[in-house]
Amino acid sequence: MGEAHTTGHRAGVPGEQTGATAETDTTLVVVTGLSGGGRSTVARALENVGFYVVDNLPQALLLDMAELAVKAGGAARRTAMVLDVRSRAFSTDLAEAIRELKERGYAPRVVFVDADDEVLIRRFESVRRSHPLQGDGRLADGIAVERGLLEEARDQADVIIDTSHLNVNQLRRRVEELFGGEDARRLRLTVISFGFKYGLPPDADFVMDARFLPNPYWVPELREHTGREEAVSAYVLGQEGADAFVDAYADLVNATTAGFEREGKRYLTVAVGCTGGKHRSVAIAEELAARLRRAGLAANAQHRDLGRE
């Protein structure tokens, strides 16, 4: 999962006669993604950090809403527009709507909420709801159709939040970390630990493999502990090559951040994997995030699979 604060960035307003772009301090966020992915939770979390949230906005009205937000100022200076598949009754081309918004001089941050098909199916079944696009078919059919419709919009996203392994509180905290602070222009880094046996994080920009280090799982007194605890962390980081491994990736990330910022990227996710996501990857992720913070970067560690075993 990539990450960054987005408050305070500058968005342009198209000139009414000349087409020139005027400066404004309005922050615009567009939230979209798969049905069942967690858009409503994202919307509530944005409200918690001071956004004026417009839910289920028809994408044909995206530009109009952006213009209203800029003109209104005040409480609407931080506006989030949540779009979902139900608005396809007005227009089916969400990607084009977002493109037009950018071409008219605005600079929205686009958040795409995603999840694995199996997770989406379980969520729909748990509340006994049908998918809005499944028609007479199966849930999986509706999800497949929606993925196709949103494929280009997903490609345009500034940040993709995969909620497959997040509960409501974890997703809320994720959004608050992204949008709750100051200095939107700064690149925000998430160092996320994971277990390879549970699959790669789909939103990772860099992937590190810590499986070359001895596994604390095979040390009886460490097996039940995690990489967030001192004994496990000391064991992992004390292994030959561990310190050089962390240093190399810290240098790599440091070398790329300025370029990413110049290219307009605000969220960078560094994924650290081991077998189960409990020991080695957790310890390495915590240490890497700490070193990046000491280097002056905005970094935090998250642990996707901790507690899953």
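This is a predicted model: local features need pLDDT of at least 70, side-chain atom pairs count only at pLDDT 80 or more; totals for chains, interfaces and linings use all residues.

**Helix pair**

Numbering runs from 1 along each chain as its sequence is written, and side-chain values use heavy atoms, without hydrogens and water.

I looked up the geometry next: the axes (lines fitted to C-alpha atoms over the stretch in contact, with angles from 0 to 180 degrees between N-to-C directions) of H8 (residues 242-262) and H9 (residues 280-294) come within 10 Å and cross at roughly 45°. Helices here are DSSP runs of H or I with at least four residues, and strands are E runs of at least two.

I listed the contact (heavy atoms within 4.5 Å): H8 brings residues including Phe245, Tyr249 and Val253, and H9 brings Ile284, Glu287, Leu288, Arg291 and Leu292.

**Cores**

Which residues touch the most other members of the largest nonpolar core? I noted Val30, Leu62, Met81, Leu101 and Tyr106, out of 28 residues. Such a core joins buried (under 20% relative accessible area, 1.4 Å probe, protein chains only) Ala, Val, Leu, Ile, Met, Phe, Trp, Tyr and Cys residues through side-chain atoms within 4.5 Å.

Helix H2 gives the most to this core, with 6 residues. I also saw another core of 27 residues lying apart from it, with Leu187, Phe245, Ala250 and Val272 among them.

Terms used:
Buried means under 20% relative accessible area, exposed over 50%, partly exposed in between (1.4 Å probe, protein chains only).
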